[in-house]
There are 2 protein chains.
Amino acid sequence: MSKKNSQTIPARVLLGPGPSMIAPRVLEALAAPTIGHLDPYLLELYAEEQALLQQVFQTGNEWTFSISGTGTAGMETVLVNLIEPGDFVLCAVKGYFGERLAEIATRCGAAVDRIWRPWGETFTVEEFEYALTCHKYKLVTLVHTETSTGAVQGNIREIADVAHKHDALLVLDTVTSLGGVTVDIDAWGIDAAYAASQKCLSVPPGLSPLTIGERARQVIEKRTRPVHSFYLDLNQYASYWNGAHGYHHTASSNLHYAMREGLRMLLEEGLENCFSRHKSNAEALWAGLEVLGFPPLIPEFYRSPVLTTPRIPVELEEARIRARLLNEYNIEIAGGFGDLRGKVWRIGLMGHSSRLENVTILLDALKKLIRG
Amino acid sequence: MSKKNSQTIPARVLLGPGPSMIAPRVLEALAAPTIGHLDPYLLELYAEEQALLQQVFQTGNEWTFSISGTGTAGMETVLVNLIEPGDFVLCAVKGYFGERLAEIATRCGAAVDRIWRPWGETFTVEEFEYALTCHKYKLVTLVHTETSTGAVQGNIREIADVAHKHDALLVLDTVTSLGGVTVDIDAWGIDAAYAASQKCLSVPPGLSPLTIGERARQVIEKRTRPVHSFYLDLNQYASYWNGAHGYHHTASSNLHYAMREGLRMLLEEGLENCFSRHKSNAEALWAGLEVLGFPPLIPEFYRSPVLTTPRIPVELEEARIRARLLNEYNIEIAGGFGDLRGKVWRIGLMGHSSRLENVTILLDALKKLIRG
């Protein structure tokens, strides 16, 4: 029966916007025997996982841990804890996930204003300065790497400085950044950030690492109303992780085994080596895509090395080619959506998926399919 | 390194209130290669998982699936989708988890009334009838097996009838019931129920199976305000699972492999056989505990066969014995908490943990420790 299982699950080459491929070592860690959520061994593991996450986020924040949900749960956790109904929130929207932050902030009861850039562009520092001068906001939300476009926002430290000058917190989405490009929480002055297990960390989906700075913690401590969500209540999470280890929910020991192992692998390679690997494999992909007639949409200056969005000619039946890639070559890439539907593909080279052989396999398959 | 991993994670005999032990076949399924959240193979797996869950919940509800979080996430999902701020909710509280439902309903903005029984007791149908006659409620919350006490609420169908007579929905917590004792959603007339992967289903923690009936779906469809939570929004979940399969969040393929395998195992054994196994192993445990001087707190009439709460003599240093069980025998059991702190242990025989050899191992170790 178990044979049937592993035989029927297809061995995909995962080159979409996540999940990425999982190293055998991490899958093996995942399948170790389950232990209890209050087992002293698991609590020790949390301490190690926290220290590893602090290195990856480059932060000393005590509130640095993985919550029991996906990246969207991490996004919601940060917002639902920081926002009280009636708060003013400024959301910088330059793609799908920027808008998702605005949607969640609205559901939290915030009065949301947006600054916009067309999908595929990024913001200048002046755009934040102007918006924050016009109105007082409690917090500003910003996506570092926009997974819907492949654009990386620059000048994060300057944007954080502007937010702080105007007494606003900066919340940074690092879902498609963490582990693939520099994320420097303390040096940049980020107040709260979250990520996801299944992108550049190459850990199975189900956990969302996040980090909360001192200013943000104080905002949470000064709340006058309880957090809307019990499940995502950070005081309860922190108490379970860092504090008295009281029961809050039954965290998944198996997912944490995998997270620890994935973080160990990343730090054994070294952050800078890992970023260089992502960069050089992306460059090989970009060169190959240009040759095939799919130039990247995003200018190199702010193009993500972990998620590439090649333009596709209008005459190409792009959905058919993606289906053939999956069915005939076992390769997953993703289509564009929203403003970029039908106009780009989204090709991820994240974590364990970022290998030169995967670039070769993909380019080779694409070449055959567009000429076939 | 992977060797180091499996060597350092202790092989516990899990006899607490969950997680339970995971069958090798399920752990092997868990570690199959990760695939994407929109992979056609995963969507097929969802269809199979749904059909299996419908058999286990004994329901034809189309909205039957596993959400990406633990049992507490399932609890919150049901409440946050059914409740709008200002709604009147009646919570039946006879232990910790009944009170947790009241806490979450309050955070959802409900006006919450409670009916109470002391920890370890259950309700009569008349108590619901009286409360529902005094005031009009949108929904009633009830815990089937209270994990803090080991008491199983009877007369669920009659309580559902009373709720419906008064135009209220009945929400049933089946976290510590599903897969261990009869849960008959459609015959009982339950409007919404949720469970957890890591108890009698013996699947690693991280998923919460739930089921939503037609009446409850209509209530969700008639909402005038968006659900507070984006992550736990059931319309979005259902659309991802059953509908157009639009992107909502990156569900964990690995956890779903394990869930499907655990459900397959359960149904290969057969629900009735599985319930009988839980019952007979529990009876062996109860007999052994009586001999050792630890009579179960809960009368046999409504005592759970999956979670036993033996009384412990006041002179016993119970925490020390639990620590020695864990450190010297690798056996996890749990202490009482809340009103039962220091007065009972909580011993689970759930799913793959419900084996006669585990009863023997535990009783033998206890005998040595209390005499040592």
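1. Chain A and chain B meet through 55 residues of chain A and 55 residues of chain B; two residues are in contact if their C-beta atoms, placed from the backbone, lie within 7 Å. On the chain A side, the elements that give two or more residues are helices H1 (2-8), H2 (24-30), H4 (71-82), H5 (96-107) and H11 (253-269). H2(A) supplies the largest share, 5 residues. By type, the chain A side divides into 26 nonpolar, 20 polar and 9 charged residues. Here Ala, Val, Leu, Ile, Met, Phe, Trp, Tyr, Cys and Pro count as nonpolar, Asp, Glu, Lys and Arg as charged, and the others, Gly among them, as polar.

2. On the source: this is a predicted model, in which local features need pLDDT of at least 70 and side-chain atom pairs count only at pLDDT 80 or more, while totals for chains, interfaces and linings use all residues. Residues are numbered from 1 along each chain as its sequence is written, and chains are lettered from A and ligands numbered from 1 in the order in which they are written. Helices (H or I, at least four residues) and strands (E, at least two) are DSSP runs, numbered from the N terminus.

3. In chain A, an open sheet of 7 strands has mixed pairing and the order S2-S10-S9-S8-S5-S3-S4; strands pair if DSSP finds at least two bridges between them. S2 (63-67) and S4 (111-116) of chain A are the edge strands, each pairing on one side only. From one strand to the next, the twist averages 15°. Axes are lines fitted to C-alpha atoms, for helices over the stretch in contact, and angles run from 0 to 180 degrees between N-to-C directions.

4. A:Phe65 stands opposite A:Leu210 in S10(A). Helix H3 (residues 40-57) of chain A lies across S2, S9 (192-194) and S10 of chain A, at about 110° to S2(A).

5. Chain B has an open sheet of 7 strands with mixed pairing, in the order S2-S10-S9-S8-S5-S3-S4. Its edge strands are S2 and S4 of chain B. S2(B) and S10(B) run antiparallel and are joined by 5 bridges, and B:Thr64 has B:Thr211 in S10(B) as its bridge partner. Helix H7 (residues 156-165) of chain B packs on the sheet, where it touches S5 (139-143) and S8 (169-173) of chain B and makes about 150° with the direction of S8(B).

6. Which residues of helix H10 (residues 234-241) of chain B are buried? They are B:Leu234, B:Tyr237, B:Tyr240 and B:Trp241. A residue is buried if 20 or more other C-beta atoms lie within 10 Å of its own, exposed if 12 or fewer, and partly exposed in between. These residues are on the same side of H10(B) because they cover an arc of only 125° around the axis, taken from the directions from the helix axis to the C-beta atoms. Their cover includes H3 (40-57), S2 (63-67), H4 (71-82), S10 (208-212) and H9 (214-221) of chain B.

7. B:Arg117 lies in the loop between S4 (111-116) and H6 (125-134) of chain B. B:Arg117 counts as partly exposed because it has 19 C-beta neighbours inside 10 Å. Not counting residues up to four places away in sequence, B:Arg117 touches B:Lys94, B:Thr122 and B:Phe123.
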